[in-house]
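Subject: Structure handover

Hello,

Here is the structure for you to look over. My notes follow below it.

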Amino acid sequence: MQQAIRSERLLRHETADARSVPRAALPFADLFIVPYNPEAALSLSPWISFPLEAVWTPIFSFGKHFRWTEGVEIFRAGDPMPGAYFIRRGIAKLATTNSEGKLRTLCLYAGQSIVGIHAVLNSAPNLHTLTALTPCDTYVYDRRTLEEVLIPHYPEVSLAVIRCLAAVNVHMSAQLETIAFLPARARTALFLHQMHEASARAADPYNDPLRLSHQSIADVLGLHRTTVSQAIADLRREGIVTGTRRLRVLSPERLLEAVFAAERSARDA
């Protein structure tokens, strides 16, 4: 809801500066951005996911079924893409590789998400690596099946794909905003709150984000592992979180206070 409100305000340019200057005098009026509001990110999941089970269950027979153990690379950058991957259960990270071969996590995908649809439908080279962070259950649909069977005869599949792509855009936009406006401690606290909310909704233990390691969290946030570990240690010392191999949030309210306090501090600096 907050995200929708912010998007509506963006379209209407409801900022103080935009109201005080005639629109005709603003050559880049369409680029006005509302002030960053961390509340908008609170309802987002820490991963890409969308409820697709009812859509994909009737068409599982058209795909190839694969199971992946924790730590296995499902596909690598440079590999030919056999098809689009529907992740039925589990958590996987999508990463890009630099010229030195170092991986940088772009986002997490969880059960009920689609990966690789762009590369498959556009015959584009695969530029990313997908790694299972927990055991993953996937179905792979090749381009011919997508174009000749699923998209023409199962319109709900097309709608599901569009919604998943939209979810990716929202997720990436939110990540850029948090990187731009929040310091490391606040980003860690915000991610832990998102993890807490997602964990409460996770019926499958393999989709439980609170099982993620400090390194996996650091990769997603673009921080050093030691930075994330220090932030979590501080929160644990303050009685906000507990646990080691599986984190548990003791006070979601105080976790949010840490996010807003850090955001205000950075804004006033």
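Phenylalanine 60 and tyrosine 139 are both buried (buried means under 20% relative accessible area, exposed over 50%, partly exposed in between, with a 1.4 Å probe and protein chains only). Their ring centres lie 4.0 Å apart and the planes meet at 10°, so the pair is stacked. The definition: rings of Phe, Tyr and Trp (its six-membered ring) pair if their centres lie within 6.5 Å; planes under 30 degrees apart count as stacked, over 60 as edge-to-face and the rest as tilted. The pair links distant parts of the chain. Phenylalanine 60 sits in the loop between α4 and β1, and tyrosine 139 in strand β8 (residues 136-141), 79 residues away. Helices (H or I, at least four residues) and strands (E, at least two) are DSSP runs, numbered from the N terminus.

A word on the source. This is a predicted model, where local features need pLDDT of at least 70 and side-chain atom pairs count only at pLDDT 80 or more, while totals for chains, interfaces and linings use all residues. Residues are numbered from 1 along each chain as its sequence is written, and side-chain values use heavy atoms, with hydrogens and water left out.

Back to the rings. The whole structure holds 7 aromatic pairs. Ring pairs join Trp56, Phe60, Phe86, Tyr139 and Tyr141 into a cluster.

Isoleucine 59 lies in the loop between α4 (53-56) and β1 (64-68). Its relative accessible area is 0%, so isoleucine 59 is buried. What does isoleucine 59 contact, leaving aside its neighbours within four places in sequence? The list is Tyr141, Leu150, Tyr154 and Val157 (contact means heavy atoms within 4.5 Å). Isoleucine 59 and tyrosine 139 are 80 residues apart in sequence, and their C-alpha atoms are 9.9 Å apart in space.

Now the helices. Helix α9 (residues 214-221) and helix α10 (residues 225-237) have axes that come within 8 Å and cross at roughly 110°. Axes are lines fitted to C-alpha atoms, for helices over the stretch in contact, and angles run from 0 to 180 degrees between N-to-C directions. α9 and α10 are therefore roughly perpendicular to each other (under 35 degrees counts as roughly parallel, over 145 as roughly antiparallel, 65 to 115 as roughly perpendicular, the rest as oblique). On the α9 side, His214, Gln215, Ile217 and Ala218 meet Arg225, Val228, Ser229 and Ile232 of α10. These contact residues divide into 4 nonpolar, 3 polar and 1 charged. Here Ala, Val, Leu, Ile, Met, Phe, Trp, Tyr, Cys and Pro count as nonpolar, Asp, Glu, Lys and Arg as charged, and the others, Gly among them, as polar.

How enclosed is α9 by the rest of the structure? Largely, because 6 of its 8 residues are buried. They are Ser216, Ile217, Ala218, Asp219, Val220 and Leu221. Glycine 222 follows α9, with a positive phi near 70°.

Finally, the overall picture. The protein chain has 11 helices and 10 strands. Of its 269 residues, 45% are buried. Among contacts in the protein chain with a separation of 6 or more, 73% come from residues 24 or more positions apart.

Best wishes
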